[in-house]
Amino acid sequence: QVQLVESGGGLVQTGGSLRLSCAASGRTFSTWMMGWFRQAPGKEREIVASISRSGGSTYIADSVKGRFTISRDNAKNMVFLQMINLTPEDTAIYSCAAGVPGTDNTYDYWGQGTQVTVSS
């Protein structure tokens, strides 16, 4: 069974930085596509970043390009989201997601999320 646990969220001032971590259970982590999503109050969930199984290919949403970086450590079953130059518009619950092979879904498992709040 796949379990994803996020950490690293918190309260930060505008211009600050945070590094989110997602710890994944499972023996085949290196075969999973991983992504970070966020959902702000009253808004739909949006993808922020994704990373391929090997880590060699990444996607960063235009809204955070140049400020957010996604990475993974397959030896430790971890995926990270480094966020810099944060603004109040980045305030949201951030969740990691895993896409496992053999399904029709892009993402199959989701973590509970971690709150990121950016004060002005």
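How many disulfides does a search of the whole structure find? The search finds one disulfide. Keep in mind, as you look through these close-ups, that the model is predicted.

**Figure 1. Cysteine 22 and cysteine 96 form a disulfide.** Start with the two sulfur atoms, which are 2.0 Å apart. The torsion about the S-S bond is about 50°, so this disulfide is right-handed. Now follow the chain: cysteine 22 belongs to strand S3 (residues 18-24) and cysteine 96 to strand S9, so the pair ties together parts that are 74 residues apart in sequence. Are these cysteines buried or exposed? Both cysteine 22 and cysteine 96 are buried.

Figure 2. A pair of aromatic rings is described by the distance of the centres and the angle of the planes.

**Figure 3. Phenylalanine 37 and tyrosine 107 form another edge-to-face pair.** Here the distance is 5.2 Å centre to centre, with 90° between the planes. The pair links distant parts of the chain, 70 residues apart. Phenylalanine 37 is in strand S4 (residues 33-39), while tyrosine 107 is in the loop between strand S9 (92-99) and strand S10 (109-110). Both residues are buried. Look for Trp110 as well: together with Phe37 and Tyr107, it forms one aromatic cluster.

**Figure 4. Two arginines sit over phenylalanine rings.** Which residue lies over the face of phenylalanine 80? It is arginine 19, at 4.0 Å from the ring centre. In the second example, the ring belongs to phenylalanine 37, and the charged end of arginine 45 sits over it, 5.6 Å from its centre.

**Figure 5. The largest nonpolar core has 31 residues.** In soluble globular proteins, nonpolar side chains tend to be buried together. In this core, the residues that touch the most other members are Met34, Trp36, Leu81, Met83 and Tyr94.

Technical notes. Residues are numbered from 1 along each chain as its sequence is written. This is a predicted model: local features need pLDDT of at least 70, side-chain atom pairs count only at pLDDT 80 or more; totals for chains, interfaces and linings use all residues. Side-chain values use heavy atoms; hydrogens and water are left out. Rings of Phe, Tyr and Trp (its six-membered ring) pair if their centres lie within 6.5 Å; planes under 30 degrees apart count as stacked, over 60 as edge-to-face and the rest as tilted. Helices (H or I, at least four residues) and strands (E, at least two) are DSSP runs, numbered from the N terminus. Buried means under 20% relative accessible area, exposed over 50%, partly exposed in between (1.4 Å probe, protein chains only). A charge sits over a ring if NZ of Lys or CZ of Arg is within 6 Å of the ring centre and within 35 degrees of the ring normal. A disulfide is a pair of cysteine sulfur atoms within 2.5 Å. A nonpolar core is a set of buried Ala, Val, Leu, Ile, Met, Phe, Trp, Tyr and Cys residues joined through side-chain atoms within 4.5 Å.
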